[in-house]
Amino acid sequence: MEQKIAEYQTLQSEINPHFLHNTLNILIALNRLGDRKGLEQSIISLSRLYRYTCEHNFNSTIQHEFNFIKDYLYLQKTRFDERLDFQIFIEPGLEDFEIPKFLVQPLIENAIVHGVETVKNGKIRLRVYHDVKNVYFEVRNTGKKMTKEDFDRIKAILEGDEEKIPKNTGRHTSIGIRNVNKRIRLVYGEEYGLTIVQEENLETVSTITIPYREWNEDASL
């Protein structure tokens, strides 16, 4: 049990938004433009975001996690402006459902890096819903057509193959994706996890599947 707790803490600590540099440059630009309202809201969002990351707890509710993601996407929207459009939907009744902290943010970051940044008009749709057995977190994003090499790399990353993770560009997001899948399996079991596919309309769909039951630290570790 101690080994599992140590591994879980290590995996969680690796997931940390690395966009502070870009955000600070945005704040400088807003200040120079005299956009006091935009500057104030961006500072508030950044403050809330980093307060959430500094809270030393294993789990969160879907509502709190999604509030964190809204702040993250607001700051990204400030950066990309019209190039980014996003929507978030939580199925009613799931707001207080407990999940491991930082479960979804790496998927959003991946959608930004490998989707929005590669096209003129990027869209991200985040939806959480459930059936009788499972809860699903679905992230849809536009982007370029993925090659066989891209799919092979994604498969290797999800399986934890360190050799397939980029050494420079995209390394952080790849590690985040790997850790999401590993954390899910550590907490819920090998039958759950993350899948990434691309549909015919070139939308990339990343789906997290976890059991539809209450989650808590003591019961999971």
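Colleague: What should I know about the numbering and the model before reading the features?

Modeller: Residues are numbered from 1 along each chain as its sequence is written, and side-chain values use heavy atoms, with hydrogens and water left out. The model is predicted: local features need pLDDT of at least 70 and side-chain atom pairs count only at pLDDT 80 or more, while totals for chains, interfaces and linings use all residues.

Colleague: How many salt bridges does a search of the whole structure find?

Modeller: A salt bridge is a side-chain nitrogen of Lys or Arg within 4 Å of a carboxyl oxygen of Asp or Glu. The search finds 9. One of them joins Arg127 and Glu138, at 3.6 Å from N to O. Arg127 lies in strand S4 (residues 122-130) and Glu138 in strand S5 (residues 134-141), so the pair ties together parts 11 residues apart in sequence. Strands (E, at least two residues) and helices (H or I, at least four) are DSSP runs, numbered from the N terminus.

Colleague: Is Glu138 buried or exposed?

Modeller: Buried means under 20% relative accessible area, exposed over 50%, and partly exposed in between (1.4 Å probe, protein chains only). Glu138 has 9% and is buried, whereas Arg127, at 33%, is partly exposed.

Colleague: Which residues are linked with Arg127 and Glu138 in a network of salt bridges?

Modeller: The network also takes in Arg140, Glu199 and Glu203. Within it, the closest N and O atoms of Glu203 and Arg140 are 3.0 Å apart. Glu203 is in the loop between strand S6 (193-198) and strand S7 (204-211) and Arg140 is in strand S5, so this pair ties together parts 63 residues apart in sequence.

Colleague: Where do Lys148 and Asp152 lie?

Modeller: Both are in helix H6 (residues 148-158), 4 residues apart, about one turn of the helix. Lys148 is exposed at 58%; Asp152 is partly exposed at 37%.

Colleague: At what angle do the axes of H3 and H4 cross?

Modeller: Two packed helices are described by the angle and the distance between their axes. Here the axes of H3 (residues 36-54) and H4 (residues 62-80) cross at roughly 140° and come within 9 Å. Axes are lines fitted to C-alpha atoms, for helices over the stretch in contact (heavy atoms within 4.5 Å), and angles run from 0 to 180 degrees between N-to-C directions. H3 and H4 are therefore oblique: under 35 degrees is roughly parallel, over 145 roughly antiparallel, 65 to 115 roughly perpendicular, and the rest oblique.

Colleague: Which residues of H3 and H4 meet?

Modeller: Among them are Leu46, Leu49 and Tyr52 in H3, and Phe68, Tyr72 and Leu75 in H4.
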